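Dear colleague,

Please find the structure below, handed over for your files. My notes on what was found in it follow directly after.

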Amino acid sequence: MSRHIPRVVYQGQRYLSSSNLSHATKKLPIFQLSFLASSRCLSTATTKATRSYTPISRVPTPPPTKTTDELASGPYIVRRTPSAQLPVYKQLKSGGNRVVVLIKKVDGDRKKLLEDMVESLGVSQDEIRINPTTQNLELKGDYYEKAKSWLLARGF
């Protein structure tokens, strides 16, 4: 036996060369045989049809109508996202049966913003709240377009 070949490799080579090959294939582990069978499935899985992409057409969000000094003088401010969009998001909950609208990036008096939205949008006090953990406003129901247009009308 050579010094540079580990004993296990040498014994494996000796076993394969001295014994019958059909006897050696019977001793193959099951995972190797299953890998050979699944490799055929991989070649058919890569030939799936590609999806077509349909872009969503949206009206661009207009820039704020008030200056930063005018916005800072108010009791609260809703800052824009880095891509200059309003931070209003629609979430589908309970498998799509329930809609929650989130308003993020609110600085200042959040309770005053909540009161103003209740008065202006006609939302009941039970359907709007301030999340105590994230400090975001949550509206129960599909008020996405109303909330977004209300914020735009206020100059945010």
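Predicted model: local features only at pLDDT ≥ 70, side-chain atom pairs only at ≥ 80, totals over all residues.

Ile 103 is buried, its relative accessible area being 0%; here buried means under 20% relative accessible area, exposed over 50% and partly exposed in between, with a 1.4 Å probe and protein chains only. This residue lies in strand S3. Helices (H or I, at least four residues) and strands (E, at least two) are DSSP runs, numbered from the N terminus. Leaving aside neighbours within four places in sequence, Ile 103 is in contact with Val 78, Pro 87, Val 88, Met 117, Asn 136, Leu 137, Leu 139, Ala 147 and Leu 151, where contact means heavy atoms within 4.5 Å.

Residues are numbered from 1 along each chain as its sequence is written, and side-chain values use heavy atoms, with hydrogens and water left out.

As to the overall arrangement, the protein chain has six helices and six strands, and along the sequence they follow the pattern α-α-α-α-β-β-β-β-α-β-β-α. Of its 156 residues, 24% count as buried. Among contacts between residues at least 6 apart in sequence, 55% join residues at least 24 apart.

Arg 98 is also placed in strand S3, and this residue is partly exposed, at a relative accessible area of 41%. Not counting residues up to four places away in sequence, Arg 98 touches Gln 91, Leu 92 and Lys 93. The C-alpha atoms of Arg 98 and Gly 141 are separated by 7.0 Å, although the two residues are 43 apart along the chain.

Helix H5 spans residues 110-121, twelve in number, and reaches 16 Å from its first C-alpha to its last. That is close to the 16 Å expected at 1.5 Å a residue, the expected span being 1.5 Å times one less than the number of residues. The buried residues of H5 are Leu 113, Leu 114, Asp 116, Met 117, Val 118 and Leu 121. They pack against strands S1 (76-78), S3 (98-103), S4 (106-108), S5 (128-130) and S6 (137-140), and against helix H6 (144-153). Just after H5, Gly 122 takes a positive phi of about 75 degrees.

How do H5 and H6 pack, and at what angle? The angle is about 110 degrees, with the axes 11 Å apart; axes are lines fitted to C-alpha atoms, for helices over the stretch in contact, and angles run from 0 to 180 degrees between N-to-C directions. H5 is therefore roughly perpendicular to H6, a term for angles of 65 to 115 degrees, with under 35 counting as roughly parallel, over 145 as roughly antiparallel and the rest as oblique. The contact is made by Leu 113, Asp 116, Met 117, Ser 120 and Leu 121 of H5 and by Lys 146, Ala 147 and Trp 150 of H6.

Lys 105, in the loop between S3 and S4, has a positive phi near 60 degrees. At 29% relative accessibility, Lys 105 counts as partly exposed. Gln 135, in the loop between S5 and S6, has a positive phi of about 60 degrees although it is not a glycine. Its relative accessible area is 31%, so Gln 135 is partly exposed.

With kind regards
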